[in-house]
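I opened the model to go through its chains, their contact and some of the helices. My entries follow in the order in which I looked things up.

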Amino acid sequence: MGWIMAGLAILGVAVGLILNAFNSSLVFYFSPSQVVNREAPQGRAFRVGGLVEAGSVQRSQDSLEIRFRVTDTVSTIPVVYQGILPDLFREGKGVVAQGRLQPDGSFHASEVLAKHDENYMPPEAAHAVEQAQKAQKTVVAK
Amino acid sequence: MNFYHYAAPATFYPLAGKLWPWFAAIAALLGLIGLYIGFVVAPTDAQQGEVYRVIFIHVPAAWMSMFIYLVMAGYCALGLAFKTRLSAMMASALAPTGAMFTFVALWTGALWGKPTWGTWWAWDARMTSELILLFLYLGFIALQSAIEDPRRADRAGAVLALVGVVNIPIIYFSVKWWNTLHQGASVSLTAAPKMAETMLWGMLIMALAAWAYAIAMSLLRVRAIIIERERQTEWLVEALEAER
């Protein structure tokens, strides 16, 4: 009995240490601020995640190339991607792009995933929220 | 009330036999109501459209996958500490249901992930730790069936189950601790729910149905395990005679 308990305790500590060591690689994506501060891995592919900056999406006329900026409201990273976007890719919504950082500071993505938020609401409620936010903005502007 | 009275297989066997049909009926009833609310009454989601309706199955299944593991580990701890036969049997009875819910959570998650995220699977912390949970359940079942002597099988399984408990808080808090593709919790004990009321009701009723299903299945399965392990005892022969 005592041996089992001791064994369990040791295993628990070991798992804790392993998790601690893996902590950095458990990060699924890096924020634009981390990329700007050079906390993201250099010279290899990684993922950058944040919001698609409103008004930043530019589609090419004659190819599937698409350019947009990913922001965490502090820093932004310009992203270039060739391919088909997921349905939930929207301006102002979450996105995770996998690719490489180029020397010019832009990010060449090979895969773009939409990141959904935890809010679920019917279209009418979403419309109401939008109206309320617009109203608030006008008040602030005044 | 004497706890040991109900912990005796001889008392629990007929009790489980009386209880499980009731829980199965509750599960069927609540499941029908929950699915009706989820697929007919609840409104469409503003962002995702109809595909969000997978949450009525995905979220209750994911909750149960974690909760059943905690209950199973609790029984394992009781079995190790007090050498009660029934707790080890309950742990073995819960494992397949837990594995089933884990698989359903992963599978429905993949079905949802493709249209919304754009991928079936990503190795983010939430999904990876949930996959580890499936392997823990399967490992528990495999380890127990690999050892012939039931008492040794119980003890080995219990140690594995208890070590695996560390994975449960990792699954639950992964979306808070690390950047994950999986979104944060819409419903938690500490914050107001972040979803429309009808959607929430559908999900909670489905969760209750999943509870009732898990209880019914584990009671049914523990009866089979009791028959298998206590087949040489006099009380079981009498009980089986009486049921005939």
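**Notebook: chain contact and helix packing**

I began with Pro123(A), which, leaving aside its neighbours within four places in sequence, is in contact with Thr44(B) and Ala46(B); contact here is taken as C-beta atoms, placed from the backbone, lying within 7 Å. Pro123(A) is found in helix α3 of chain A, where helices are DSSP runs of H or I of at least four residues and strands are runs of E of at least two, both numbered from the N terminus. I noted Pro123(A) as partly exposed, because 13 other C-beta atoms lie within 10 Å, the class between buried (20 or more other C-beta atoms within 10 Å) and exposed (12 or fewer).

I recorded that this is a predicted model, in which local features need pLDDT of at least 70 and side-chain atom pairs count only at pLDDT 80 or more, while totals for chains, interfaces and linings use all residues. Residues are numbered from 1 along each chain as its sequence is written, and chains are lettered from A and ligands numbered from 1 in the order in which they are written.

Next I looked up the contact between the chains, which takes 28 residues from chain A and 32 residues from chain B. On the side of chain A, the elements giving two or more residues are α1 (2-22), β6 (107-115) and α3 (123-141), and α1(A) supplies the largest share, 5 residues.

For chain A I listed 3 helices and 6 strands, running α-α-β-β-β-β-β-β-α from the N terminus on. Of its 142 residues, 26% count as buried.

The residues making the contact include Met72(B) and Ala73(B) of α3(B), and Asp154(B) and Arg155(B) of α6(B).

Last came α5(B) (residues 125-146), whose 22 residues should span 32 Å at 1.5 Å a residue, and whose end C-alpha atoms, 31 Å apart, agree with that; the expected span is 1.5 Å times one less than the number of residues. Among its buried residues are Leu133(B), Leu136(B), Tyr137(B) and Phe140(B), and what covers the buried residues of α5(B) includes α3, α4 (85-116), α6 and α7 (167-177) of chain B.

Technical notes: Contact = placed C-beta atoms within 7 Å.
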